[in-house]
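The chain is shown below.

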Amino acid sequence: QVFELNIGYGSATLIDDSYNANPLSLKAALRRLSMSQVEAGGSRIAVLADMQDLGHKSAEIHLSLCGDLKRFNVNKIIAFGDRMAALGKDAGIATERWNDPQASAVPLMERLAPGDAVMVKGANSAALFKLVHGMLEISKDELEFSMAPRRRAAR
């Protein structure tokens, strides 16, 4: 799903693909992120959780996506898992390793700038849906705040 996030004096695009992750679906999600319009100076941010159930070739499979990150113009990675953190670093993309999706909505929303596009992708077991839910709640609060009537200062 695609959402418009209210952030301060502008908006950012959120692509929620937090239900599953495998190499093919991750490539498709990266392609979708690359098609998102970003304003001048805006960033394409991939929030990625490690893919699960890949067996003994898990590290190799994760690293095989390095070229896709570059090809689809990802500017930053927020990694939930050591495999995605290694992938981002191997691709030479600014990468941060985070741990708790539920506690990450506020710091992520604070880092977004108007015109950014952020895509959230991971296995359902990674619980990135909690991050998405938190971001949507913050966005709703921002909209309500921006639409609240302003009181005039007494003269």
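Which residues are exposed on the other side of H4? They are Asp82 and Lys89, where exposed means over 50% relative accessible area, buried under 20% and partly exposed in between, computed with a 1.4 Å probe on protein chains only.

The model is predicted: local features need pLDDT of at least 70, side-chain atom pairs count only at pLDDT 80 or more, and totals for chains, interfaces and linings use all residues. Residues are numbered from 1 along each chain as its sequence is written, and side-chain values use heavy atoms, with hydrogens and water left out.

**Overall organisation**

The protein chain holds six helices and six strands, taken as DSSP runs numbered from the N terminus (helices H or I, at least four residues; strands E, at least two). Along the sequence the elements follow the pattern β-β-α-β-α-α-β-α-β-α-β-α. The chain has 155 residues, of which 43% count as buried. Contact means heavy atoms within 4.5 Å; among contacts between residues at least 6 apart in sequence, 67% join residues at least 24 apart.

**The sheet**

The six strands form an open sheet of mixed pairing, in the order E1-E2-E6-E3-E4-E5. Two strands pair if DSSP finds at least two bridges between them. E1 (2-7) and E5 stand at the edges with a single partner strand each, so one side of each is left without a neighbour in the sheet. From one strand to the next, the twist averages 20 degrees; axes are lines fitted to C-alpha atoms, for helices over the stretch in contact, and angles run from 0 to 180 degrees between N-to-C directions.

Strand E6 (residues 117-121) pairs with E3 (residues 44-49) in the parallel sense over five bridges. E2 and E6 also run parallel, joined by five bridges. The following bridge partners lie in E6.

| Residue | Bridge partner in E6 |
|---|---|
| Ala46 | Met119 |
| Leu48 | Lys121 |
| Asp17 | Lys121 |

Five of the five residues of E6 are buried, so this strand is largely enclosed by the rest of the structure. Ala117, Met119 and Lys121 point one way from E6, while Val118 and Val120 point the other way.

**Helices on the sheet**

Strand E6 and strand E3, paired in parallel, are both touched by helix H1 (residues 23-35), which packs on the sheet and also touches E1 and E2 (10-17). The direction of H1 makes about 170 degrees with that of E6. Helix H4 (residues 82-90) likewise packs on the sheet, touching E3, E4 (76-80) and E5, and its direction makes about 165 degrees with that of E5.

Met84, Ala85, Leu87 and Gly88 of H4 are buried. Seen down the helix axis, the buried residues of H4 fall within an arc of 160 degrees, so they line one face of the helix; the arc is that of the directions from the helix axis to the C-beta atoms. An α-helix has 3.6 residues a turn, so residues three or four places apart point the same way. Just after H4, Gly92 takes a positive phi of about 75 degrees.

Thr95 belongs to strand E5 (residues 94-97). This residue counts as buried because its relative accessibility is 19%. Not counting residues up to four places away in sequence, Thr95 touches Ile77, Ala79, Ala85, Gly88 and Lys89. Its side chain reaches the backbone oxygen of Ile93 at 2.7 Å.

**The aromatic pair**

Rings of Phe, Tyr and Trp (its six-membered ring) pair if their centres lie within 6.5 Å; planes under 30 degrees apart count as stacked, over 60 as edge-to-face and the rest as tilted. By this rule the count comes to one aromatic pair. The ring centres of Phe80 and Trp98 are 6.3 Å apart and the planes stand at 85 degrees, so the pair is edge-to-face. The pair links distant parts of the chain, with Phe80 in strand E4 and Trp98 in the loop between E5 and H5, 18 residues apart. Both Phe80 and Trp98 are buried.

**Leu108 in H5**

Trp98 is also one of the contacts of Leu108, a residue of helix H5 (residues 105-111). Leu108 is buried, with a relative accessible area of 1%. Leu108 and Val47 lie 61 residues apart in sequence, and their C-alpha atoms are 9.6 Å apart in space.

Note on methods
A polar contact is a pair of N or O atoms within 3.5 Å; within protein, one must be able to donate a hydrogen and the other to accept it, and residues adjacent in sequence count only if both atoms are side-chain atoms.
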